[in-house]
Amino acid sequence: MQPGKQLSTKIDATVPTAARMYDHYLGGKDNYAADRAACEELDKVVPSTRALALNNRRFLQRVVRTLTQEHGIRQFLDHGSGLPTQDNVHQIAQRVDPSAHVVYVDNDPMVLVHGRALLEQDERTTVIHADMRETEAIFTHPDTERLIDFSQPVAVLFNSVFHCIPDSGTDGPPAVVRRVAERLAPGSFLVMCQLVSDDPKVRDFVTNFMDQVTQGHWGRVREEKDVAEWFEGMDILDPGLVEVSTWRPDNEVAPRQLTQEWIEFGGVGRLR
């Protein structure tokens, strides 16, 4: 993405977005017919997508709870946060410590509208309209500077979002991770997962389908080895890099990802 490129604030109901499709899979109401139709087409090839989305959301909730309860994190920067749903990051963190601060980042104007309406009474939480690749703009945004002290540990979340951006030497996932990590204090955490598949036919279909229906606002389905590269040089919390429904499940009967045409794969890394 070109630095300083202006994001559109217009909501186009005719073009599906990843945020609204995700909202539909989670049972939300902030989506349009185009988003639901795209989900129906996607389900014909990868029918486990709804279960995958639900398990990914539960993973995010467990991660935030773990980082607040066990590691004392009180600051969260959530990239590609999506539309508000039940048990958002700020709600989980603030149940542990009401003083926890959260900055949500998303490039979907609908997220901005709904997020600000939800958070207008919470001075410790905000949502900013930005592309996740614009690290400088995000970190120097007045709301980020107001809420986040980067001299102290921060949890930076890239939860199920990197598949939305293409490979690029300057703006692909590895470059974004490096830029973010350079700005964080030791003891900070990076939470990262994305859609992966061992089946090249699934990778090609989903990548091409989503690129077409979102009119170019997509990256690609990757492989586990791609995700592992993002964590190089970090200490990875147990149980390591895994299919996310198996990351510290709440109990033995917690929902698991049962089908494997594609999975959410990732984990949590701590900066030294």
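Biologist: What relative accessibility does Arg65 have, and is the residue buried, partly exposed or exposed?

Modeller: Residues here are numbered from 1 along each chain as the sequence is written, and the model is predicted, so local features need pLDDT of at least 70 and side-chain atom pairs count only at pLDDT 80 or more, while totals for chains, interfaces and linings use all residues. Side-chain values use heavy atoms, with hydrogens and water left out. Buried means under 20% relative accessible area, exposed over 50%, and partly exposed in between (1.4 Å probe, protein chains only). Arg65 comes out at 29% relative accessibility, so it counts as partly exposed.

Biologist: Which side chain does Arg65 meet in a salt bridge?

Modeller: A salt bridge needs a side-chain nitrogen of Lys or Arg within 4 Å of a carboxyl oxygen of Asp or Glu. Arg65 meets Asp250, with N to O at 2.4 Å. The two belong to distant parts of the chain, 185 residues apart: Arg65 is in helix 3 and Asp250 is in the loop between strand 7 and strand 8. Asp250 is exposed, because its relative accessibility is 52%. Helices (H or I, at least four residues) and strands (E, at least two) are DSSP runs numbered from the N terminus.

Biologist: How many salt bridges are there by this rule?

Modeller: The count comes to 16. Among them is the pair Asp87 and Arg95, whose closest N and O atoms are 2.9 Å apart. Asp87 is partly exposed at 30%, and Arg95 is exposed at 56%.

Biologist: Now a charged residue inside. What is the nearest side chain of opposite charge to Glu264?

Modeller: For charge, Lys and Arg count as positive and Asp and Glu as negative; His and the chain ends are not counted. Glu264 is buried and has no salt bridge; the nearest side chain of opposite charge is Arg222, 10 Å away.

Biologist: Which polar contact does the side chain of Glu264 make with another side chain?

Modeller: A polar contact is a pair of N or O atoms within 3.5 Å; within protein, one must be able to donate a hydrogen and the other to accept it, and residues adjacent in sequence count only if both atoms are side-chain atoms. The Glu264 side chain contacts that of Ser160 at 2.4 Å. A polar atom of the Glu264 side chain also lies 3.4 Å from the backbone nitrogen of Gln194. Gln194 itself counts as buried because its relative accessibility is 0%.

Biologist: Where do Glu264 and Gln194 sit, and how do their strands run?

Modeller: Glu264 is in strand 8 (residues 263-270) and Gln194 in strand 5 (residues 189-196). Strands pair if DSSP finds at least two bridges between them. Strand 5 and strand 8 run antiparallel, joined by 8 bridges, and Val196 has Ile263 as its bridge partner. Strand 8 is also joined by 2 bridges, again antiparallel, to strand 6 (residues 235-236) and to strand 7 (residues 242-243).

Biologist: Which residues are joined by a cis peptide bond?

Modeller: Asp238 and Pro239, with omega about 10 degrees. Pro239 lies in the loop between strand 6 and strand 7.
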